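Welcome, and please open the model in your viewer. We will walk through it one selection at a time.

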Amino acid sequence: MKQSDFRPIFWAAVAVAVFVFGCKASEADSQDVHARVAIHHHTLSALHRSKFVGEASRKQELDLSVALKIADPAAFNQRIEQFYDPASPLYLQFLTPVQFADAFGPSQGNYDTVVDFLRDSGLQVTTIYPNRLLIDVRGSVAQVEDVFGVKINNYTKDNVAFFANDRDPVLPAPIASVVASIRGMENYLELHRHIRLHSSARHLSRTPPGYSPQQIATAYDFNSSYTNGITGRGQTVAIATAYGFSGSDVSSFWSYYGIRAPKVSTVAVGGSTRFIDVETTLDLERAGAMANGATFVVYEAASPLLSTFESVYNKIVADNKASVVTTSWGLCEQQMPSAYLTADSYIFAEAAAQGQAWFAASGDDGSNDCGNSTLAADYPSSDPNVGAVGGTSLSLDSSGAILSETAWSGSGGGLSVVFKQPSYQTGFGVDNSYSNGMRQTSDVAFNADPSTGYSVYYRRSWWEYGGTSFGAPQWAAIFALVNQAHGSRIGMAGPTLYGLANNNPPQTNLAFHDTSVGNNGYYSSASSWDYPTGWGSPDVWNIMRDLQ
């Protein structure tokens with residue numbers, strides 16, 4: 001063959017090879033883009049003990065929240081520690097939501113990619129957030145099954161009917177690499193109120209039962225703060241809750257006790273609700289009474305479902321209006337898929353980086369938060385960036401002074417099975433025979449025993465309730481006072497509380513009423529730190545003075 005004859009054949013062969021190689025490469029790329037990867041740890045442990053009833057209606061509408069991962073969790077946690085280290089030049093130099101998103105949040109490109117994917121898949125994107133940690137979406141069961149590769153089935157367990165996904169969701173690899181969790185494919189897990197009705201409580205027409213705000217103010221010395229003009233002025237307190245409250249109820253409560261009504265507004269999350277709830281009512285009544293100079297924003301979830309509460313948490317953090325946040329709704333940590341806990345931990349970490357102090361009730365089921373024989377901690381109080389408020393039984397004399405205070409048997413407190421022990425959690429009693437390197441609760445305490453309970457005005461009647469639900473909003477009120485006295489946000493509760501307990505900064509005045517009597521079923525109260533009560537209940541004015 002002549003050389004001139006060879007060239008056309010050679011280049012034709014090259015062209016075919018290039019074409020074939022290009023097709024193969026293109027096919028490989030296409031397969032890589034469309035390969036579906038599982039997002040693990042999304043199925044309920046309860047399914048193993050549930051009865052399958054049938055497939056859910058494919059027309060049923062679901063509201064989901066899709067959570068994204070932060071860019072570099074290790075670097076972010078290191079930065080948070082610098083914000084709370086008095087020796088660091090970044091001490092208390094908190095971030096704004098925009099600064100968080102730009103430095104540590106998911107990139108705008110990744111966020112937009114996930115949003116576009118959800119929309120292109122036929123789901124309705126209902127809410128996007130400036131911190132880029134969450135996307136709220138709505139779609140039918142049929143759409144959710146197709147998009148996430150799951151089956152939504154109906155089940156029953158202990159005579160409770162619910163629906164749930166039967167397997168972990170899957171997503172295209174590029175999307176899966178940035179998604180932390182998908183919540184809302186089940187309606188089994190709901191957060192619970194941490195309240196207990198007094199055993200002899202009855203409707204009363206004139207005289208309210210239980211401790212008044214004034215009695216609590218005297219016992220824990222809020223009064224000295226008030227005398228010095230510290231009422232929470234200039235601070236905003238957020239209440240993370242489900243359902244709403246009656247304006248006439250809370251106004252009547254404050255009026256009866258001669259307390260000037262604070263400013264209050266509401267934010268609906270997941271749809272509006274007309275349901276009036278005792279938890280929301282008592283949170284606002286008590287927090288508003290103890291820090292009536294503050295402004296209160298009640299973030300009302302349309303339901304206590306986990307997916308809705310995740311949106312509440314993220315809305316509060318993304319808004320960043322509140323310097324202090326309280327929530328008295330919780331759930332046994334071990335009942336939650338770990339992917340949910342991981343996604344929420346990003347939200348609470350951002351809160352810490354922004355200088356928000358979050359408080360949560362530690363639970364009312366003692367050491368067995370799951371309601372069985374298993375030792376367990378309550379969530380979200382088990383998250384290291386949330387202050388866990390345990391409970392005491394408080395006895396007062398006629399002048400309002402403390403006669404005795406012991407650990408309440410119902411106080412939540414124990415060891416997390418998910419979160420490591422944070423660096424700030426140190427001090428006498430913290431390292432104990434039960435310690436295993438995991439987060440320990442409670443951090444502090446407040447009166448919670450329903451036998452030494454509180455007056456609540458609800459649905460135009462007086463009631464007497466107890467529970468750790470009362471401790472979280474009143475500790476939030478304390479930090480509103482602290483922030484006013486300090487002149488700016490002092491940040492998340494943990495480093496401050498453990499710093500006080502460890503005499504760092506040096507204390508002139510005892511910040512806590514220590515308890516050493518009682519138990520919560522398994523863990524006993526002891527001198528200094530313990531599981532049922534943490535460091536103890538507050539001496540508010542001493543806390544103010546020690547932190548100035």
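Which residue in β16 is the bridge partner of H192? Select G330, the partner of H192 in β16. Before going on, note that this is a predicted model, where local features need pLDDT of at least 70, side-chain atom pairs count only at pLDDT 80 or more, and totals for chains, interfaces and linings use all residues. Residues are numbered from 1 along each chain as its sequence is written, and side-chain values use heavy atoms, leaving out hydrogens and water.

Now show β10 and strand β16 (residues 329–332), which pair in the antiparallel sense over 2 bridges. Strands here are DSSP runs of E with at least two residues, helices are runs of H or I with at least four, and both are numbered from the N terminus; two strands pair if DSSP finds at least two bridges between them.

Next, select β2, β6 and β7: they form an open antiparallel sheet in the order β2-β6-β7. Strand β6 (residues 152–157) is joined to β7 by 6 bridges, and N154 stands opposite F163 in β7. At the edges you will find β2 (51–55) and β7 (160–165).

Last stop: pick strands off and helices on. Helix α9 (residues 247–256) and helix α10 (residues 278–290) have axes that come within 10 Å and cross at roughly 35°; axes are lines fitted to C-alpha atoms over the stretch in contact, with angles from 0 to 180 degrees between N-to-C directions.
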